[in-house]
Each structure stands twice: as C-alpha cells, then as structure tokens.
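Please read the following points beside the coordinates, since they concern ring pairs, helices and surface in turn.

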Amino acid sequence: MFQWSKKVVKSVTFNPGVADESLLALVESQLEKDPEKTFSDLCKEALWQSLCVPESVRPTPKPPAATATPGVEQQIAELRRQIADLEERFFAKESHRLDQMENHLLQLSQQVAQLAMIVNHGSSSSPPTPQPAPVLEVINNTSTPANAAATPPQEVDPVISRISQFLDDF
C-alpha cells in the first residue's frame, strides 16, 4: 500500500439542498457536543463505517481525558455508535423520501405545464367547441321563505368545462 509522506487534504462540498443542509447542521451539532473531535475525525469515522471496515482493523481513536470508569466509557461509546447508526439510517430514509417528493413535484409541474399548453393552444387556435357541460347542483340547506322565487341554475363556462375534463383525466 502506498504511504504518503505528507498530509493529504481533501475538501467536502455541501450543496444548498435540504439533505446537505441537514447533514451540515448535524455535523456542526456533533462538533459542538464533542469539542475534542474535528471535522476530519468525523469524516474518517464516516468513511470507515461506509466502507464497512471491521472495527478490529480500524485505528484506535485517541482516548479522551475523561474521569469515567472504563465500563461507563464503553457504554457511552456503544450508545454513541447506536445513535450515529440510527441517525444515518434516519437521514438516508428521509433523504430518499425528499428525493421522491421532489421527483413527484417535478412530474406534477410538467403535467400542469402540459395542460396549460394544451388549454392555451386549444383556446388560441380554434374557438372552443361546445361540450356537454356537467350539471352542477347546488344544495342549500338553509330554510327559504315559501314565496321566494327559484333561481335558475347558472351555466358553466365552456373553458372551465374543458379544463375540468382534463383534470378528471389527470
């Protein structure tokens, strides 16, 4: 294996997106909780985990200058590992959900744009052909005097009728 004679510096870019911003906030939170760790330490731990390197092969982290007993330290380390694993699974799931929602919104936007183009194209190139308008029945549950005249049902605009047909098909 190649041994480096100098330090190698790599950069990490966080893009302006929900997933990256959430991850960056977690990194900052973790660094505040454990001021002895650096961003480099967090990245290395994440790389060890994501590359599925067994813990027996990983380098041992520097022991913190804590006054806790070894048993408590092991429990704390195990809990931290479990929390990190849980957070990783949670954010992977949420990131996937966000991606699905973004894709769905994109598809819906495209379909709305197509409908708008169809409606605009249809209304600008030819006059709307009369289509059988759906009958809308308005039910009024309030009591009316017996001598009140019945109002005739209002006609539906043909453009609205055509749009509603597209929405029904959608």
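1. The structure holds two aromatic pairs, where rings of Phe, Tyr and Trp (its six-membered ring) pair if their centres lie within 6.5 Å, and where planes under 30 degrees apart count as stacked, over 60 as edge-to-face and the rest as tilted. Phenylalanine 14 and phenylalanine 39 form an edge-to-face pair, with 6.4 Å from centre to centre and 65° between the planes. This pair links distant parts of the chain, given that phenylalanine 14 lies in the segment before α1 (18–33) and phenylalanine 39 in helix α2, 25 residues apart. Phenylalanine 14, at 26% relative accessibility, counts as partly exposed, and phenylalanine 39 is partly exposed with a relative accessible area of 31%; buried means under 20% relative accessible area, exposed over 50%, and partly exposed in between (1.4 Å probe, protein chains only).

2. The rings of phenylalanine 90 and phenylalanine 91 have centres 5.1 Å apart and planes at 75°, so this pair is edge-to-face. Phenylalanine 90 is partly exposed at a relative accessible area of 43%, and phenylalanine 91 is partly exposed at 30% relative accessibility.

3. The model is predicted, so that local features need pLDDT of at least 70 and side-chain atom pairs count only at pLDDT 80 or more, whereas totals for chains, interfaces and linings use all residues. Residues are numbered from 1 along each chain as its sequence is written, and side-chain values use heavy atoms, with hydrogens and water left out.

4. The chain has four helices and zero strands, where helices (H or I, at least four residues) and strands (E, at least two) are DSSP runs numbered from the N terminus. Helix α2 (residues 39–50) has twelve residues and reaches 16 Å from its first C-alpha to its last, close to the 16 Å expected at 1.5 Å a residue, the expected span being 1.5 Å times one less than the number of residues. Just after α2, cysteine 52 takes a positive phi of about 55°.

5. Of the 170 residues in the chain, 4% are buried. Among contacts (heavy atoms within 4.5 Å) between residues at least 6 apart in sequence, 58% join residues at least 24 apart.

6. The accessible surface of the chain comes to about 15,300 Å², of which 60% belongs to carbon and sulfur atoms; accessible areas come from the Shrake-Rupley method with a 1.4 Å probe, and for residues only the protein chains shown count as cover.
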